[in-house]
Each structure stands twice: as C-alpha cells, then as structure tokens.
Amino acid sequence: MSSVVDTASATSYLTPDNSTTTALDAAATWAGEWDDISQYTAIVINAGADQNGTLYADFSDDAGTGLDNYRSVPLSSGATSAWGIHTLVKVSKYFRLRVVNGSVAQGSMTVTCHYLPTPAIAMPTSRVGQTVNDYSSVLNVRPMSDHWLDITRSKQSDISVVHKFGGDPAVDTTFAPVAIGGIYRTPQVAGATTLRIKAGGHADDTAAGDGAREVTLYGLDETGAEVSEAIATAG
C-alpha cells in the first residue's frame, strides 16, 4: 500500500516510510513503503552503512496493480559502503527506497529521505502580470534548467545516455546485448584481446601528432558493467 506524505510544510519533508537506522543481516533486504510524491519536485537521500551493499530507488506509476510493476535505479555501488548523498528528480507518482545488503552482516546503517516541495511563485501585490513590451502583459514561466537536456550534456550525476543501434532476432528467455548485425563480442575472461586501428589515416594521426590521437571504445565487461578503453592511433 502507498501513503500520502504531508505537504503542509513549506520546507523539506523527512519521510519515516523511507528512512531507517536498522542494520541488516548478511544478504538481507530492507524496503521502504510506497509514498505518493505527486506534490513534490525532488528527492534527497543520505545513506550509508559499514558493509558493502546496494541502495535502490524504485518508481511506480500505478498503485492499482499493487505497485509490483516498478522501475528500479541503483544509486550506489555494491563495492563501497560509503553511499553518500543523492538528489533525484521526481519521475513517477510513487516512490520508495530499497537496500540489498552484501554477504557480511551490517553493524550499522542509516537511510534518511527528504522530499522537496514545489516552490511557490509570489506575485507582487502591485501588479498581476509582467510587462514584456508596450503591447503585451504576460507572466513568463520557464524552467530554470531542463532535466533531460542536463542528462544529455552529462550534467546529471549518476545518469548517462547511450545511443545504441542494432538488434538480435533470436532473443529467448535470457538477456542478450543489442549489437549491430546481432553479433556481440563477449569479454575474453581468459585474457585481453589485442585490437588495432586500421591503417590509412592521415600522417598526423598519431599519439603525438596534430590529428586524431586516440579512439575510445565502449562496451560491457563480463559482469555487464559499462567499460571503456582508449586506443592510441599509430600505436
């Protein structure tokens, strides 16, 4: 079930449904309650533990399905216990936090979650509009920054955009990478694979030249994490 959070306060709201100080056993999971955050603009989370674990933000659009159909975003790396502070933009009506602990029982864990209200714009009592020119009186309303534009410009922390083209017509019941031609070069767990940039470029295309100095390749490692490697030209 979901709860409707209090929006009467003009400041941030600390939600008890998604805050906890209870340490988790090994491989245990804590899940907060679904909150209706439709009256809020942003979410601020301060979380950490003394053992490795992963902090998730879950979003859902529909409470009528029991909130089982949700989207999950990992906010922390399982390789560190210092999760830190995260600021999220509201993307759905319902929200909750989840922590999945690692293989070692926690001695301590703290998760605090604040909801930030939509700021109210106070109009001067002496005028109800803003004069744009001698012929029009309107109130200009525009966002200070565009969330999706900030993501494409790499201005949003913990979020990146990947434009991937390709297909795999033989996907069965397991996950399969999207690749051009349907062929994905799997990571070589037995050792690194040597790659070479095809010859035929300009004479200045060298690591120390004035042309193209390197080519960066992006892919997935054996765990599915995104990795990159820079290859020097004429190297």
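Strands here are DSSP runs of E, at least two residues long, and helices are runs of H or I of at least four, both numbered from the N terminus. This is a predicted model, where local features need pLDDT of at least 70 and side-chain atom pairs count only at pLDDT 80 or more, while totals for chains, interfaces and linings use all residues. Residues are numbered from 1 along each chain as its sequence is written, and side-chain values use heavy atoms, with hydrogens and water left out.

**Stop one: Asn-18**

Select Asn-18, in the loop between β2 (13–14) and β3 (29–31). Is Asn-18 buried or exposed? Asn-18 is buried, at 0% relative accessibility (buried is under 20% relative accessible area, exposed over 50%, partly exposed in between, with a 1.4 Å probe and protein chains only).

Now show the polar atoms. The Asn-18 side chain reaches the backbone oxygen of Glu-33 at 2.9 Å, and a polar atom of that side chain lies 2.7 Å from the backbone nitrogen of Leu-97.

**Stop two: the rings**

Rings of Phe, Tyr and Trp (its six-membered ring) pair if their centres lie within 6.5 Å; planes under 30 degrees apart are stacked, over 60 edge-to-face, and the rest tilted. The whole structure has 6 aromatic pairs. For Tyr-40 and Tyr-115, the centres are 5.6 Å apart and the planes at 55°, so this pair is tilted. Tyr-40 sits in β5 (40–49) and Tyr-115 in β10 (109–117), so the pair ties together parts 75 residues apart in sequence. Tyr-40 is buried at 3%, and Tyr-115 is buried at 0%.

**Stop three: the open sheet**

Switch to cartoon. Strands pair if DSSP finds at least two bridges between them. Which order do the 4 strands of the open sheet take? They run β2-β10-β5-β8, with antiparallel pairing. β2 and β8 (84–89) stand at the edges with a single partner each, so one side of each has no neighbour in the sheet. Between β5 and β8 there are 6 bridges; pick Ile-45 and you'll find His-86 of β8 opposite.

**Stop four: β6 and its partners**

Colour β6 (53–60): 7 of its 8 residues are buried, so this strand is largely enclosed by the rest of the structure. β6 runs antiparallel to β9 (94–101), joined by 8 bridges, with Gly-53 opposite Asn-101. β6 also pairs with β7 (71–74), again antiparallel, over 4 bridges, and Tyr-56 stands opposite Pro-74 there.

**Stop five: charges**

Select Asp-58, Arg-96 and Arg-98, which salt bridges link into a network (a salt bridge is a side-chain nitrogen of Lys or Arg within 4 Å of a carboxyl oxygen of Asp or Glu). The closest N and O atoms are 2.9 Å apart for Arg-96 and Asp-58, and 2.7 Å for Arg-98 and Asp-58. Both Arg-96 and Asp-58 are buried, and Arg-98 is buried as well.

A charge sits over a ring if NZ of Lys or CZ of Arg is within 6 Å of the ring centre and within 35 degrees of the ring normal. Arg-96 sits over Tyr-70, 4.8 Å from the ring centre, and Arg-98 over Tyr-56 at 4.6 Å.

How values were computed
Polar contact = N/O pair within 3.5 Å; in protein donor to acceptor, adjacent residues only side chain to side chain.
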